[in-house]
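Hi,

Here is the structure I promised to pass on. Have a look at it first, and my notes follow below.

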Amino acid sequence: MDLKEIALIIGAELIGENFEVSGMNTLKDASKSELSFVSNSKYIKEIQDSNAGAIIVDKTTKDFVPDGCAALVVDGVYWQMATLSKYFAPNIEDETLALAKIGEGSKVSSKAELANGAIIGKNCIIMAHVYIGANSVIGDNTIIYPSVTVYRDCKIGANCIIHANATIGGDGFGFATNKMGEHKKIYQNGNVVIEDDVEIGSSTTIDRAAFATTLIKKGVHIDNLVQIGHNSIIGEYSIIVAQAGISGSTTMGRNVVMGGQSATAGHLTIAPFTTMAARSGVTKSIKESGLTFSGFPLMEHKLWLKLQAKIAKLMQ
Amino acid sequence: MDLKEIALIIGAELIGENFEVSGMNTLKDASKSELSFVSNSKYIKEIQDSNAGAIIVDKTTKDFVPDGCAALVVDGVYWQMATLSKYFAPNIEDETLALAKIGEGSKVSSKAELANGAIIGKNCIIMAHVYIGANSVIGDNTIIYPSVTVYRDCKIGANCIIHANATIGGDGFGFATNKMGEHKKIYQNGNVVIEDDVEIGSSTTIDRAAFATTLIKKGVHIDNLVQIGHNSIIGEYSIIVAQAGISGSTTMGRNVVMGGQSATAGHLTIAPFTTMAARSGVTKSIKESGLTFSGFPLMEHKLWLKLQAKIAKLMQ
Amino acid sequence: MDLKEIALIIGAELIGENFEVSGMNTLKDASKSELSFVSNSKYIKEIQDSNAGAIIVDKTTKDFVPDGCAALVVDGVYWQMATLSKYFAPNIEDETLALAKIGEGSKVSSKAELANGAIIGKNCIIMAHVYIGANSVIGDNTIIYPSVTVYRDCKIGANCIIHANATIGGDGFGFATNKMGEHKKIYQNGNVVIEDDVEIGSSTTIDRAAFATTLIKKGVHIDNLVQIGHNSIIGEYSIIVAQAGISGSTTMGRNVVMGGQSATAGHLTIAPFTTMAARSGVTKSIKESGLTFSGFPLMEHKLWLKLQAKIAKLMQ
């Protein structure tokens, strides 16, 4: 699809040279052949630094598009980006891809489904009712229990264990909303990458990125019924206890511990070696390493204990 | 089954004419051929207004049964209703129904299971390990990802996306308890209806109604690991973020937003355009539209912020 | 595997007689042919009372090993126990076991998978995409909805209903951590036992025990998306509402009620007939029967109501 076709689809004014667009991406990550977008004038600095070949803008941001970068001028950038995201979404399955490959020593149940393009490493166990999507890659010695679904284009490392009914690479929760209150899905065209030695619990859901990658680093252990939002990064050897929820675009350092039913808001950074007690609710980034927190709103655990003592007194 | 047989099963005294009973229903919705029940004398007004052909009552409520309506008099109405609910439960599958129908252009995986009586619309994608129950209907262009289970008698609209491992139409959580503390299941003989343009996240569970319908209206987006209780109604274009829980018989207006890990108690009404922040716990109905709430117990978000400031002061 | 081989694997000094080890177990439950371990000097009394044939100890605990019991002396007992747990883990499936047996009158979907060694009782319904693991036993009249996974060696009673996408017997969340912050999985070699007349909701996860059994007693009703940790015991006729989380090694008496999104910390005892309101967070054992609690930290419900009144006043 070239820029002229895209301009037609979203009713945009095209300023600049036409070219064939290879995909969509964020301002920060887009390359010369890619299209990006800016939905908020607070990202003006990022526009100017972007390597995108073209940017969807509105009247308030169009003047900041750098030289050599095309502009697609619309009303409602986010809504139009959502419109286009569907055009860049690959088919769920693709029969033109090669048949799935299975490495030496692996056991794949006849009741599992490997989409074309899937690649299973050596000595894996892929159990009944598992689904591995197109172009997804499973590392050596990995065990995938029944009814796990891995959507397309994901990567799971070596020596991983994925427990029953987990979902890896489902769509992140993204949509644009118009003035009528209607929503339009933003197709999630990124993926999930899980590094080596990771264990993931039953019915845990790890969403694929909108663009780029949701990343679970080496040696992480995730319990059951945990939600990990799109574009999050979980640091090496982190521990996420059951029913915790991590919103989108949260980046954690190594050896972070999240207690049961704890949660983070989106777009936060959590310092390495942070511990969040059960039920913690994290709404701001944590910059200092090695501290322990509790409560919602979050506070240092020792303060939380003090607060509970005060509350107890209040009740006498 | 006629009233005499029913009276025998539950040891009831039958007052009134015998007739063939077509099903059970609530006092409000029961028709002339249906049986209803009243387990609490506070529903006396509803007894008098009911069109039910017969009502299960106890000694304290039997005198309020209207003329022309039969009464089945028992001790322990709720327990006996539970007993009968099993008799009115359809078989899980029914081989006498026609083979499933698949609309033009739809792709159904050979590893999916369509029960007899299921109907798939046009241009759908039904992936591996999906189960579609008897008489369930899937609208055109709908995508159902792997390992989704749709129980019998449900209806999913057009242009919907149901993500992996979601469960649509599982039994609502209902039972009666006797004086020994034992429970008896109330069979959930209603269904789930999902209107057009709805997206439902991975491992989300939407329970079928005890009677009638659990309803997800047009354009709703539901994230992963959300619980929606039986007989709830979610208004158009509402947004339910991951791990939220909606108890039974909650009715929401349009464009309600529920943050992550938020929850509502049962039998509430939530006004349109209400926003509940993450972790909100709603225990009373919300009547005014367009407000934002936080906390548990719930309060307006601006009050909640004030409360947090007071608590911070308390700790100095 | 005998003690000498084990000593080699974990680099232990062996004090005592060599013997063939049949398995690993806790100090309390280990028999003469089993190996146990003590990772904390506060368990010295349990060492002395243990019937284990051998115990993994470190320098601080080795002198407490009773006569006639061998000692394996290491640095980092817990880490080495984790190392060994893998050696005692049975294969996920075992083709040398007899083909699965199906009792009279049972209907097993051709799209279900029964591992060798599985045993299905009479008049069961085992639906599509169900997996029943090796040596797992399903009692008479039990219904298992689609995409349920039962791991190996579990036992489900008669007249049970397991809803779609539930996972029974997945690994408990256990690992050892070394000084580098790396984790090593503790293989969960126990099982799950579910007694008769139990109903389990969709996408609920019940973890197998590390050793011994996670036990759900007769007549329990569990809603959707509930997490039950390894080695927990849920008393007869208890009710666990959606999205509740029960940490490992919690023991509940009969007729306990846990509200939606409530949770318990690990290693607690909850008295019979205790009610915990929605969102309760239980961090200490509850010894008196029949009380109702709320809040986090937990308090008696009537106190919690008083606290809310005080907080309301604070805000005026």
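**What I found**

In chain A, 23% of the contacts with a separation of 6 or more are between residues 24 or more positions apart, where contact means that the C-beta atoms of two residues, placed from the backbone, lie within 7 Å.

Before going on, note that this is a predicted model, in which local features need pLDDT of at least 70 and side-chain atom pairs count only at pLDDT 80 or more, while totals for chains, interfaces and linings use all residues. Residues are numbered from 1 along each chain as its sequence is written, and chains are lettered from A and ligands numbered from 1 in the order in which they are written.

Still on chain A: it has four helices and 36 strands (DSSP runs numbered from the N terminus, with helices being H or I of at least four residues and strands E of at least two). Of its 316 residues, 57% are buried (20 or more other C-beta atoms within 10 Å of a residue's own; exposed is 12 or fewer, partly exposed in between; C-beta atoms are placed from the backbone). The C-alpha trace spans about 65 × 60 × 35 Å along its principal axes.

Now over to chain B, starting with helix 1 (residues 3-10), where Leu3(B), Ile6(B) and Ala7(B) are buried. Looking down the axis of this helix, the buried residues fall within an arc of 100°, so they line one face (the arc is taken from the directions from the helix axis to the C-beta atoms). Lys4(B), Glu5(B) and Leu8(B) are exposed on the face turned away from the buried side. Just after the helix, Gly11(B) has a positive phi of about 65°.

What covers those buried residues? Strand 1 (13-15), strand 3 (34-37) and helix 3 (77-87) of chain B are among the elements that do.

The strands belong to an open, mixed sheet of five, ordered 1-5-4-3-2 in chain B (strands pair if DSSP finds at least two bridges between them). Its edges are strand 1 and strand 2 (23-24) of chain B, each pairing on one side only. Strand 1 and strand 5 of chain B are antiparallel, over three bridges, and Leu14(B) stands opposite Leu72(B) in strand 5 of chain B.

Lastly, 32 residues of chain B are in contact with 35 residues of chain C. Helix 4 of chain B gives the largest share of chain B's side, four residues.

Cheers
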